[in-house]
Amino acid sequence: MSEQPQVQDHPERNRFEITVGGELAGFADYRRTPGHVDLVHTEIDPAHQGAGLAGTLAKSALESLRAEGVQVTPSCSYIAAYIRKHPDYLDLVPESARAAL
């Protein structure tokens, strides 16, 4: 991969998108309510799988949501697994939902 992946929030589409060389490579869909974001689905285009883009997307989305000061529910199994592997993001998950991870 010669070009750095870029992650941007697209609230009009309710998702974070990751692009490589200007081409959409994947996304993480979400549902927002005041003070809360439910990350519901993450998908990477098959042509871009195996390049670590899902992890880059998850990290960028979680960092962005942390900067907003919102809580996160990882309904997406990939995001939930990412948080389990990176417990420094566990503080974003409401305390009542942490045991489910």
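Colleague: How many aromatic pairs does a search of the whole structure find?
Modeller: The search finds two aromatic pairs. The rings of Tyr 82 and Tyr 89 form a tilted pair. The model is a predicted one.

Colleague: What makes the pair of Tyr 82 and Tyr 89 tilted?
Modeller: The ring centres are 6.1 Å apart, and a pair needs centres within 6.5 Å. The planes stand at 40°, while stacked requires under 30 degrees and edge-to-face over 60.

Colleague: Why is Tyr 82 called buried?
Modeller: Tyr 82 has a relative accessible area of 9%. Buried means under 20%, so Tyr 82 is buried.

Colleague: Is Tyr 89 buried or exposed, and what makes it so?
Modeller: Tyr 89 has a relative accessible area of 3%. That value is also under 20%, so Tyr 89 counts as buried.

Colleague: Why does Arg 15 count as buried?
Modeller: Its relative accessibility is 16%. The cut-off is under 20%, therefore Arg 15 is buried. Arg 15 lies in strand E2 and touches residues including Gln 8, His 10, Leu 24, Phe 27 and Tyr 30, leaving aside those up to four places away in sequence.

Colleague: How do you know that the charged end of Arg 15 sits over the ring of Phe 27?
Modeller: The charged end is 4.3 Å from the ring centre. The distance limit is 6 Å, with a further condition of within 35 degrees of the ring normal. Arg 15 is listed as sitting over the ring of Phe 27.

Colleague: What makes the contact between the side chains of Arg 15 and Glu 17 a polar contact?
Modeller: The distance is 2.8 Å, and the limit for a pair of N or O atoms is 3.5 Å. The contact is made side chain to side chain.

Colleague: How do you know that strands E1 and E2 pair?
Modeller: E1 (residues 6-10) and E2 (residues 15-20) share five bridges in the antiparallel sense. At least two bridges are needed for strands to pair, so E1 and E2 qualify. Gln 6 stands opposite Thr 19 of E2. Four residues lie between the strands of this hairpin, where Asn 14 takes a positive phi near 55°.

Colleague: Which residues touch the most other members of the largest nonpolar core?
Modeller: Phe 16, Leu 39, Leu 62 and Leu 65 do, in a core of 25 residues. At least two residues each come from E2, strand E3 (23-33), strand E4 (36-44), helix H1 (53-68) and helix H2 (77-85). H1 gives the most, with seven residues. The contacts of Phe 16 include Val 7, Phe 27, Leu 57, Ala 61 and Leu 65.

Key. Residues are numbered from 1 along each chain as its sequence is written. This is a predicted model: local features need pLDDT of at least 70, side-chain atom pairs count only at pLDDT 80 or more; totals for chains, interfaces and linings use all residues. Side-chain values use heavy atoms; hydrogens and water are left out. A nonpolar core is a set of buried Ala, Val, Leu, Ile, Met, Phe, Trp, Tyr and Cys residues joined through side-chain atoms within 4.5 Å. Buried means under 20% relative accessible area, exposed over 50%, partly exposed in between (1.4 Å probe, protein chains only). Contact means heavy atoms within 4.5 Å. A polar contact is a pair of N or O atoms within 3.5 Å; within protein, one must be able to donate a hydrogen and the other to accept it, and residues adjacent in sequence count only if both atoms are side-chain atoms. Rings of Phe, Tyr and Trp (its six-membered ring) pair if their centres lie within 6.5 Å; planes under 30 degrees apart count as stacked, over 60 as edge-to-face and the rest as tilted.
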